[in-house]
Each structure stands twice: as C-alpha cells, then as structure tokens.
Amino acid sequence: MANTTTGINTGTARPALDRTFSVAPMMDWTTRDYRAFARTLSRHALLYTEMVTTGAILHGSPRKRFLGYEAVEHPLALQLGGSDAGELAECAAIAEEWGYDEVNLNVGCPSDRVQNNLIGACLMGHPDKVASAVKAMQAAVSIPVTVKCRIGIDDQDEDADLERFIDEVAAAGCEVFTLHARKAWLEGLSPKENRDVPPLNYGRVHRLKQQRPELHIGINGGIKTLNECREHLECVDSVMIGREAYQNPWLLAGVDEALYGKQGPAASRHDAARAFRPYIAKRLDEGAKLNHITRHLLGLFQGCPGGRRFRRHLSENAHRDGAGLEVFDEALSLVSEERLAQPA
C-alpha cells in the first residue's frame, strides 16, 4: 500500500478485491473529495477515480494532482484513458507504485475529445489495440487490470461484435469486464445523450455472463436502487452505479449491510456529515476552497425536510473567499436531526 504523501509503495500485501458493488468513474464527480466522503457512508464499495489520461500522468505536474488520494479511500481503482500500449503499461506501473488496488482501462467514454485521441468507447472498434494494451499492462503490474466498456458502438451488432471484442481482450488476459448496458453512438449523440438515449439492454450483459462464466462480468447503467442491485447480482458478478450514487449519496449508506452483510459506518445523514468534518478541515488547511469539497454533499439530504435550505446555503456561501467550517456547520444546522429521526 502506498504512502499517499510520497506515492511510494510500502509493499503491504493487498487483500483480494470484492467487486460486488462499485461507484462508477465519473469526470469531475468522483474526485478525491467525493471518494473520501463516500467512505463515511460505505467501507466496502469499490471506488474509482475519474478517468485520468496517460498524458496527464506522464507529462503533468505535480503528479499528485492526478494520483493523490487518502488512505481511507481503499479499496480504490485508477481508471486510465489511452490507447498506446507502452504508455498504458508505464502508467499502470505508476498506479501500482502509488498503491492503487486496480487499474481499469476506459473503453466506454463517448466524448469527442477522447475519440480524437483514440480513447474511450471508440476503442470498441479496435479490440486488437485493447488486447495489446491489456497484455502490456498486465506484464507491468501485479494488481488487476480490468476493462470498462459498452455493449457496442454505432452500427455494431450487440451480439456478434460484442462477443468478438470480449473474446479477443479476454484472450490477452483480461478476466474482469464491467459493461455499461447501452451502446455508444459516436456520431449524432452528445456525451450527455449517450448516457440516456441509447436503450438499456441488461439482458445482453446477463447473457454474456452465461456465455462466459469463467469471466467476472459486471453491469452498469441506469441502476438506481439496492433492490435492483440484488436482482442483477442474480445474473452477473457485480454492479456499478454512477449518477445515482453521486446525486443521492445516502444510497451508499445501505450498501454494506444490503450487499456485504456488514454494518455501515453511518447511522444517519448527520453522522456522515460530522464524520466528514475533519477531512474538510484538513483540505481547507491545504488550501482547498470549501465549495470544491462541499459540492459533493449537496445531495446528502435529498428529499429531507430542510434539504433544500442545506443545498442553498452551501451553494450561496461556500464559494466566498475565506469560507470555512462555519459555513458547513450553518448549512447542517438547517436540517432538523430530530425531524429526520421521527418514524415516517
């Protein structure tokens, strides 16, 4: 495990990852601050970074800006964006040195920017490149190398082309695939539309698991409740939730008990907020702005009496120069803990 100040791997053996439930990598959302907050809600969920490109890691400075994290975030996976096998292998080795528990290759992002650099979903049209990258990455590290992809792109056949992609990449050594159960349309749809417009096809992912039982197959896309997670886990190995886990973070508070049979760390939303307070103080001491941290908590009291006032107070005040913990405490005081404790 790495010292997150220096990024040096101390050589501590890592336990095997339990991927039953994970929070999807999401640009601008699954930052280190969100991940630290998520740990006040679930100890066992596997967390992913935002996608980090190979160029950012190899040429950006300081490297801690892209790779830094807190020890509490484990189990933690780094998602890489890139297509050059050599660069991906080098970045995978750096990820292992920094103590990440897994390195994941992004083969699902549909944005124009990443397409132009042969990153993301467009790689589904180049299974040979993905296979070469996986092989090189696995040769460079001892941690798991995994792939997150779609069920297809554009006019690809969701059966034959997906099977061809999975077979070629699995033959290169990849054993873990998480599939967003939608196609990505690289022409004609925006990245936002690609998250909603292409129809979900959960059955295709379920069938893939039946066809390739030796592989770990996870499912992602449009899943919003823990009951839905349980239903999918009857057919696949793991479930990944994205936007719902961010916009309604209290969902995570039920993950440990419902899916792992363990007691979660937060008995209430207020408990989670209070548990996060020392982290906020630490980040403020490091020079972070309050709103950059608290924006990840805006959905904590979603649907609760006072939740709208909580969001408004943070939105209107956390960005101000010198805003500190008192702003956070004031916002928290606007939500009645007593009212939330009353039975419905």
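Modeller: Helix H10 gives the most to the lining of the largest pocket, with three residues. This is a predicted model. The pocket has a volume of about 770 Å³. Its lining counts 32 residues. Nearest the centre lie Pro 25, Met 26, Met 27, Arg 195 and Arg 243. By class, the lining splits into 13 nonpolar, 10 polar and nine charged residues.

Now the second largest pocket. About 470 Å³ of space lies there. The pocket is lined by 22 residues, and the closest to its centre are Thr 31, Glu 50, Val 52, Arg 65 and Phe 66. Helix H1 (32-38), strand S4 (46-53) and helix H3 (64-67) are the elements that give two or more residues to this lining. S4 supplies the largest share, five residues. The class count here is six nonpolar, six polar and 10 charged residues.

A search of the whole structure finds one cavity of 30 Å³ or more. The largest cavity has a volume of about 60 Å³. It is lined by 13 residues, with Arg 19, Tyr 48, Val 176, Thr 178 and Met 240 closest to the centre. At least two lining residues come from each of S4, strand S6 (102-107), S7, S8 and S10. S8 holds the largest share, three residues. Six of the lining residues are nonpolar, five are polar and two are charged.

Most residues other than glycine have a negative phi, and most peptide bonds are trans. Asp 28 has a positive phi of about 70°, although it is not a glycine. Asp 28 sits in the loop between strand S3 (21-23) and H1. Asp 154 is found in the loop between S7 and helix H7 (160-171).

Then the cis bonds. Ser 61 and Pro 62 are joined by a cis peptide bond, with omega about -5°. Pro 62 lies in the loop between helix H2 (54-59) and H3. The bond from His 74 to Pro 75 is cis too, with omega near 0°. Pro 75 is in the loop between H3 and strand S5 (76-81).

Last, two helix pairs. The axes of helix H4 (residues 85-97) and helix H6 (residues 127-140) come within 8 Å and cross at roughly 35°. H4 passes H6 in a right-handed crossing. On the H4 side the contact uses Ala 85, Leu 88, Ala 89, Ala 92, Ala 93 and Glu 96. On the H6 side it uses Ser 132, Ala 133, Ala 136, Met 137 and Ala 140. By class, this contact has nine nonpolar residues, one polar and one charged.

The other pair is helix H14 (residues 307-317) and helix H15 (residues 325-333). Their axes come within 8 Å and cross at roughly 160°. The two helices are therefore roughly antiparallel to each other. H14 passes H15 in a right-handed crossing. H14 brings Phe 310, His 313, Leu 314 and Asn 317 to the contact. H15 brings Val 327, Phe 328, Glu 330, Ala 331 and Leu 332. The residues of this contact divide into six nonpolar, two polar and one charged.

Note on methods:
Residues are numbered from 1 along each chain as its sequence is written. This is a predicted model: local features need pLDDT of at least 70, side-chain atom pairs count only at pLDDT 80 or more; totals for chains, interfaces and linings use all residues. Side-chain values use heavy atoms; hydrogens and water are left out. On a 1 Å grid over the protein atoms alone, a cavity is a set of points where a 1.4 Å probe fits but cannot get out, and a pocket is an open set with protein on both sides within 12 Å along at least five of seven lines; lining residues have an atom within 4 Å of a point. Grid points are joined across faces, edges and corners, and a volume is the space filled by probe spheres set on the points. Helices (H or I, at least four residues) and strands (E, at least two) are DSSP runs, numbered from the N terminus. Ala, Val, Leu, Ile, Met, Phe, Trp, Tyr, Cys and Pro count as nonpolar, Asp, Glu, Lys and Arg as charged, and the others, Gly among them, as polar. Axes are lines fitted to C-alpha atoms, for helices over the stretch in contact, and angles run from 0 to 180 degrees between N-to-C directions. Angles under 35 degrees count as roughly parallel, over 145 as roughly antiparallel, 65 to 115 as roughly perpendicular and the rest as oblique. A crossing is left-handed if the near helix is turned anticlockwise from the far one by less than a right angle, and right-handed if clockwise. Contact means heavy atoms within 4.5 Å.
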